[in-house]
Every structure is written in C-alpha cells, then in structure tokens.
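Open the model in your viewer and keep the selection tool handy. We will walk from one stop to the next, with a short note on what to pick at each.

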Amino acid sequence: MINLLSKPIHILGIGGIGSVLGWALAREGYSVIMVDNHPGKVAEGRKNGVTIVGQGTQAIPFMTFDDWSAPKEGFILLCTKTYDNPEVLARLPDDAFLVPIQNGFDPGLERRNHACEGIASFVSECLRDRPVTRMTRLGSLHIGARRSVTVAEWDEIASLAKALAKAELFPVELVADIRPYKATKLMYNAAISPLAAVAGVDNGALLTDLLAKKLFFSMLRENYAILKHAHIQLARIGPFHPDTVSLILSITALSTFLAGFFQSSLRGTYCSMAPDMYVQCCRTEIEAYNGYLIRLAGDFPCPLNRAVLALVEKVSREGLKPQRQYLQYLADNLPEGALS
C-alpha cells in the first residue's frame, strides 16, 4: 500500500479551516499544496505564506483552482463552501482520496463514495483576500469514516488524523463513524449561522440579545426534533450531548443560567455564513444547512427552518444589508406557537 501522506496533500479552499490545516501539516514537514479560486489570496500566499495570528507563518506552495488538477495519489482535503462543490467534484476521479471538512450537507457530495470526512468545532476566521487567519474559539477536529471502509482505507484515515494532531493546534479525535458528529454540528450550525448572519451580529449575541436568544433556542429545539424524528444518530460535540441540550432547553431557568456561562466563549466569533452576507455575493450555504433539514423533515413541522431559509434567501438575493431588525421580522411572521 502506498502511504498517501508521502504524497502532496492538496487543500482546496483557503478559508478558516483550510488555512489552519495547511499550516499545521506544513509545520510538521508534510508536503502541502494550497488551492483557492481567489487570485489575490493565491498571490499573497505565494509571497507571504500562511499565517495564524499568534502562531506564526508557514511558507507553503499556492496555486489557483483554474491551474489545479487532481493528483493521482495523495489526500485531497475539501475545505470549500458547499456551493463551490460542483465545480470541484467535476474535476475529481472516482478513486480520489477525498476528505471533505465542511459544514452542511451537499447532495452531490453525499452521492460520492469517499471514505472519510472531518468536522471542525473550532472557529477560525480567515481574511477574504489573504491567507491570514485568527483562531477565535477552541474546539476539536473529528475525523472518521462515513461508510464501511477497508483496512487500507482506515489506515489512511488514521494516518491523516495523526498527522493533523502533531501540531497540537486543536485536539484531533479519530472516530469510527463521522456521521453522528456531522449531524450534531448541523443541529448547531443551522441555528447559529442564519440568525447571526442575517442580523449582522457575532455569535455571542445569540445568547445575550433577548429576541435572538429566543429564536436561537427555538431553532435548536426544532433542529433536534427534526433529526430525532428522522432517526438520525447524534454524538456529543462540546460539553453536552444533544439529548442533554434538548433537556436543558426545556428548563427555562437552567437554559438561562447556562447561556450566561457559554456566552463568553462565543463573544467575538462569527459564523462562516456572515462574510457571504456582507459581500453580497448572493450565495450562501443556507440550502446545505436549513434546506437539508427541511428536506429531511418532509411532512414533519419545521416552521422556523422554512422561515429562516426564505429570509436569508431574500436578503442575499436582493443584496440587502444584514441588520438586527430582521430578527423581529422573522419573529413577527412565524406561525402562532412556533416561537416558544
């Protein structure tokens, strides 16, 4: 068996996740190639390398996506936004060792037969035009299989997890099945991202602003209910399992107390959807988040997800500026009883 780590590791998408992973692997001596579709970011990367604020800079080769072709051997870490996936997948051979490390569920990606995925719970915010990132919230990287894998495939998955752990930037957890972790991350992201992005606030405001908190907690409860109704297995990310989170949210005094406890860890962090809203690119990952949950729900009630999807699509489509008043608009237009 050829050790894929002896070949170049191609990282597609040099945002918050891709820049951190490339930096970590390069520091430990692995051969890394960074690929992005932003010519300015590629030019800056070639000139100045990849920087993690407070950690230093690593010189890493860069290339534009237009000049890139899939390697015959080696890992491909997919760290793009889900709306960029079709263009990437069109260039990949079926046997490429693809490792998506993304949020959201993309139908085209889900249909591929790749063995492995990763889910990051740390927050890293990269500048849009330069490969300079700031890690704003601690968390883990979970890596594991998404289907039944061969012994050789599992060895490669484990070797990638071990390589990423060496830099000790974040804990790396190798898990037998990544799908419960991906579902749990979606439960949280599909509540945090659309609300914070459309309101133009940092994630911490979802636990301090009274209306934002009410909407956030209601969305968490609805997301959890959809996933449980669909018999989707969930796993613990962070201090509590989603079952415990659901119980906490049902007890007003306890949820209020814990909101104050966790607010400091979210203050100053921004969701990955926020930059897309601010630059008015008319593309967000809302379909891969809330759209997926709506499709999963089927006839099961999901009024908050439907309302949030419609609002984010309207704001991005019309090039409107995110503002807090959209939260009130959302609350005022929900069906009676949807906001508890």
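Start with the lining of the largest cavity, where 3 residues are nonpolar, 4 polar and 2 charged. In this count Ala, Val, Leu, Ile, Met, Phe, Trp, Tyr, Cys and Pro are nonpolar, Asp, Glu, Lys and Arg are charged, and the others, Gly among them, are polar. To see the lining, select Gln102, Asn103, Gly104, Ile119, Lys182, Lys185, Leu186, Asn189 and Tyr289. The space inside the largest cavity is about 40 Å³, and the structure has 2 cavities of 30 Å³ or more. Helix 6 contributes the most to the lining of the largest cavity, 4 residues.

A few words on how to read these stops. This is a predicted model, in which local features need pLDDT of at least 70 and side-chain atom pairs count only at pLDDT 80 or more, while totals for chains, interfaces and linings use all residues. Residues are numbered from 1 along each chain as its sequence is written, and side-chain values use heavy atoms, with hydrogens and water left out.

Cavities and pockets come from a 1 Å grid over the protein atoms alone: a cavity is a set of points where a 1.4 Å probe fits but cannot get out, a pocket is an open set with protein on both sides within 12 Å along at least five of seven lines, and lining residues have an atom within 4 Å of a point. Grid points are joined across faces, edges and corners, and a volume is the space filled by probe spheres set on the points. Helices (H or I, at least four residues) and strands (E, at least two) are DSSP runs, numbered from the N terminus.

**Next stop: the second largest pocket**

Here the space is about 230 Å³. Select Phe105, Glu110, Arg179, Ile232 and Tyr292, which are the closest to its centre among the 13 lining residues. Then colour helix 6 (residues 179–199), which gives the largest share of this lining, 4 residues. By class, the lining of the second largest pocket has 6 nonpolar, 1 polar and 6 charged residues.

**Aromatic pairs**

Keep Phe105 and Tyr292 on screen. How are the rings of phenylalanine 105 and tyrosine 292 arranged? Their centres are 4.1 Å apart and their planes meet at 10 degrees, so this pair is stacked. Rings of Phe, Tyr and Trp (its six-membered ring) pair if their centres lie within 6.5 Å; planes under 30 degrees apart count as stacked, over 60 as edge-to-face and the rest as tilted. The pair joins distant parts of the chain, 187 residues apart: phenylalanine 105 is in the loop between strand 7 (97–100) and helix 4 (107–110), and tyrosine 292 is in helix 11 (residues 286–297).

Phenylalanine 105 is buried, at a relative accessible area of 10%. Buried means under 20% relative accessible area, exposed over 50%, and partly exposed in between (1.4 Å probe, protein chains only).

Move on to phenylalanine 216 and phenylalanine 217. Their ring centres are 5.9 Å apart and their planes are at 40 degrees, so the pair is tilted. Both phenylalanine 216 and phenylalanine 217 are buried. In total, the rule gives 5 aromatic pairs.

**Loops to pick out**

Which residues other than glycine have a positive phi? Two to select are glutamate 168, with phi near 60 degrees, and histidine 231, also near 60 degrees. Glutamate 168 sits in the loop between helix 5 and strand 12 (172–175) and is exposed, with a relative accessible area of 70%. Histidine 231 lies in the loop between helix 7 (210–229) and helix 8 (242–249) and counts as exposed at 74%.

**Last stop: zoom out**

With everything shown, the protein has 13 helices and 12 strands. Its C-alpha trace spans about 60 × 40 × 35 Å along the principal axes, and 54% of its 340 residues count as buried.
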